[in-house]
Amino acid sequence: MKSKKRRLLFVTGLIAMLCGMSVLGVFGWKRISREIEKHRLLRECIVFEIPALDIRAPVMDGTEHEVLSKAAGHFPGTGALGSGNYCIAGHNSTIYAEIFNEMKHIETGMEMYLIDNDENRTRYTYVVTENFIVEPSETWVLSDFGDDRITIVTCTDDGTQRQIVVGQYRKTPPSKN
């Protein structure tokens, strides 16, 4: 009788371990494949960086779910690199791409960079001038303000509002990265 109980407990434990290892394997594979995709996109796309917060993300065109699940997205119809109001969005989430999770630590005066995907990898420098919260319906932040800036849009930690970070373009010649 004890032998059957031990064998049953052993088999149950073995099955539980195998299930646990399978679940961890799936999550591990998802994480690894996301990192591989991110590194490919960093080579092929415009790159957004905030070195002080260890943020480095590819920027793709559009703000659809498919784009934002793996990169930051450039709002269609907003500025260009170093010109106008270049607006990007990215997730602050542990479920989706964790691009802007550290954005809550942003401070005025920090430098942000956009690195072009051109042959020279031209770098555009922006300096943080504003950091504020708006309601999701407040799209005026995407407007052209007549200056050269970058506007970052991400969710607050609870996802109910949007954190907006604005950086003014530093009017120095773009540098090669």
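Predicted model: local features only at pLDDT ≥ 70, side-chain atom pairs only at ≥ 80, totals over all residues.

Q: OK, and in which sense do strand S4 and S7 pair?
A: Parallel: S4 (residues 85-89) and S7 are joined over 5 bridges. As one example, Tyr 86 has Ile 150 in S7 as its bridge partner.

Q: What about S7 and S8, parallel or antiparallel?
A: Antiparallel, with 7 bridges between S7 and strand S8 (residues 162-169). Thr 154, for instance, is bridged to Gln 163 in S8.

Q: How many residues sit between S7 and S8 in the hairpin?
A: There are 6. Gly 159 lies in that turn and has a positive phi of about 80°.

Q: Switching to Ile 164, where is that one?
A: Ile 164 belongs to strand S8.

Q: Buried or exposed?
A: Buried: Ile 164 has a relative accessibility of 1%, and the cut-off for buried is under 20%.

Q: Which residues is Ile 164 in contact with, leaving aside neighbours within four places in sequence?
A: Glu 130, Asn 131, Phe 132, Val 134 and Val 141, plus Thr 151, Ile 152 and Val 153.

Q: And how many residues apart in sequence are Ile 164 and Val 134?
A: They are 30 residues apart in sequence, while their C-alpha atoms are 7.3 Å apart in space.

Key
Residues numbered from 1 in each chain as written. Heavy atoms only, no water. Pairing = 2+ DSSP bridges. Helix = DSSP H or I, 4+ residues; strand = E, 2+ residues; numbered from the N terminus. Buried < 20%, exposed > 50% of the residue type's maximum accessible area, 1.4 Å probe, protein only. Contact = heavy atoms within 4.5 Å.
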